[in-house]
Amino acid sequence: MLDDYFFSEDFHEILRRYETARDSSAPIYMDCDDFLDIAEYYIDKKRYDDAERCMQIANNQHPDEKEVTLMMADIIYEAEEWNRAVTWLEKVLSLDPFSMP
C-alpha cells in the first residue's frame with residue numbers, strides 16, 4: 001500500500017532530496033516513479049500546489065511519460081481548472097491515442 005511507503009526511510013530520503021533541490025533551485029534528476037510517488041504524497045496531504053510543481057519538474061524531465069501527464073491532468077482537474085485539464089488530457093491522448101484516461 002502506498003500509504004505505508006510514505007512512512008518508509010526510502011521514501012523520506014527521496015522526498016528530502018527532492019525538497020532540498022527544489023528549495024535551493026538546484027537541478028535534480030529523478031526517476032519518473034519517484035516524482036509520481038512524491039506527487040501522490042502531496043495529494044494525500046492536500047498540498048496540491050506542491051503536487052503540481054512536482055509534476056511540472058517531472059514533465060520537464062520526462063515529457064513523453066504518459067503517467068506524468070495524466071497525473072498533471074488529474075491534479076489540475078481537482079483544482080477545477082477545466083480548460084487546463086483538457087489541455088493535459090489532450091497531451092495524454094497524443095502520447096497514447098488508444099489510452100482511456
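**Nonpolar core**

I looked up the largest nonpolar core and found 27 residues, of which Tyr 18, Met 30, Phe 35, Ile 38, Tyr 42, Cys 54 and Met 55 touch the most other members. A nonpolar core here is a set of buried Ala, Val, Leu, Ile, Met, Phe, Trp, Tyr and Cys residues joined through side-chain atoms within 4.5 Å. Buried means under 20% relative accessible area, exposed over 50%, and partly exposed in between (1.4 Å probe, protein chains only).

I note the ground rules. This is a predicted model, where local features need pLDDT of at least 70, side-chain atom pairs count only at pLDDT 80 or more, and totals for chains, interfaces and linings use all residues. Residues are numbered from 1 along each chain as its sequence is written, and side-chain values use heavy atoms, with hydrogens and water left out.

H3 gives the most, with 7 residues. Helices (H or I, at least four residues) and strands (E, at least two) are DSSP runs, numbered from the N terminus.

I then listed the contacts of Phe 35 (heavy atoms within 4.5 Å). Leaving out residues up to four places away in sequence, Phe 35 touches Tyr 18, Met 30, Cys 54, Met 55, Ile 57, Ala 58, Gln 61 and His 62.

**Aromatic pairs**

I find 8 aromatic pairs in the structure. Rings of Phe, Tyr and Trp (its six-membered ring) pair if their centres lie within 6.5 Å; planes under 30 degrees apart count as stacked, over 60 as edge-to-face and the rest as tilted.

Phe 6 and Phe 11 make a tilted pair, at 5.1 Å centre to centre and 45° between the planes. Phe 6 is buried at 5% relative accessible area. Phe 11 is buried at 0%.

**Cysteines**

I searched the whole structure for disulfides (cysteine sulfur atoms within 2.5 Å). The search gave 0. The sulfur of Cys 54 is 9.8 Å from the closest cysteine sulfur, in Cys 32, so a bond is ruled out as too far. Cys 32 is buried at 8% relative accessibility, and Cys 54 is buried at 0%.
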